[in-house]
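Here are a few friendly notes to read alongside the model. Have a look at it first, and then take the points in order.

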Amino acid sequence: MNIVWSNFFVQLVAFLILFFLLQRFAFKPLFGIMEKRRQMVLEQMDSAKKNREEADQFIEEQKQALQQARKEAHDIIEQARITSSRQADDIIQTARSESDRLKEEARREIEAEKNKALAALKAQVSGLSVLIASKIIEKQVDEQSQKELVEQYLQNVGNKS
Amino acid sequence: MKGVKSSNMDHLVPIIEIFGIEFDLSAILMVIISSIIVFVLARLAVRNLSVENPGKLQNFLEWVVEFVQSIIGMATDFKKGRIYTGLGLALIMYIFVSNMLGLPFGIVTEGHEGQTVFGQELVVKEAHDHLAWLWWKSPTADAAMTMALALTVIGLSHIQGFRHNRKHYLKHYFEPWPFFLPINLIETAAKPLTLGLRLYGNIYAGEVMIGIILGMGWIGIPALLVWQGFSIFVGAIQAFVFTMLTMVYIGQASIHEDH
């Protein structure tokens, strides 16, 4: 084996030159690009994560809104039910009181009519009885009894005054 | 230039002498070619950088980056070892391309004694009946060059260990007891040797083997196909191993993990 010692230095110098040229003109820009891409991927992953979080939040909000809406609907129905039952009660109540009132009125009217009829009847009866009495009296009252009657009346008048 | 000759081992290394220093022209050529291929590949990959719509080459290079980062993650603490991504990337690309270069073909020139290149005479040390120079080979099939890579990263690991992890770095030479110092020093010396020579041995052996198979003539074609396929595998594995061990050594020396 024949070693040429100058090769050692040739290789040394050549490799150092090659290394610095590569470093300066090839690797540095390449590493820069790779670093940039790494940053980009990180950023995108970050934004994807953020988006997902936002989406989750939105879903949560939607869920809550839905829950809220459902609750409100339920409340409204409940309210309506209460109102309607109250109205029904009211109507029934009103109807009942109205009917009571009507009944009362009717009763009063009947009472009044009855009273009127009774009064009329009384008047008529008294008239008739006077008539009947006068008829009877016309036939039966003699001198004697007439005198007694007058006296009695006078007596009564005297007593009363 | 002619095709591949009978055996790799007959070929000479094209060496010229300048100021008394021998220069291996084929090594210089291949280092330059490998570096240019790696650099052009990297530049093409980052030509139209895009965050959202990366091109095919950019995707590929990013895959390599992630691969290197996973190596760092396996070898040491990723957060602290992250700054060595560029080094690991340069190493794995350069070594892989270098390992692959020697596989598909070879370039051999024949000539006569006193052949000149750039006005310089190619050095011929021994007498040969015919002269053929091998110009095309893997830069990593040369021990001096793999050792250069290995010493670079091991040196870096010691420097970083001393700078960022001084207490533990200095203490580890005396672990578990002070008289282990020689053993620890041997280990320190062995690290770059094993790192460099492992790469060299694997790739050089692969190329020698290709040369031998070529010597078998046309019968060797299926074997050559199989061996080249295996060499691609070996080349990739060695690039991976070299990068992995680099990160392990740097991590051991400079990154102290709290236990």
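1. Two residues are in contact if their C-beta atoms, placed from the backbone, lie within 7 Å. Where pLDDT is low, the predicted coordinates should not be read in detail.

2. This is a predicted model, in which local features need pLDDT of at least 70 and side-chain atom pairs count only at pLDDT 80 or more, while totals for chains, interfaces and linings use all residues. Residues are numbered from 1 along each chain as its sequence is written, and chains are lettered from A in the order in which they are written.

3. For chain B, pLDDT averages 79, and 86% of the residues score at least 70. The model has ipTM 0.80 and pTM 0.70.

4. Where the chains meet, chain B brings 34 residues to the contact and chain A brings 27. On the chain B side, α1(B) gives the most, with 8 residues; helices here are DSSP runs of H or I, at least four residues, and strands are runs of E, at least two, numbered from the N terminus.

Note on methods. pLDDT = per-residue confidence, 0-100.
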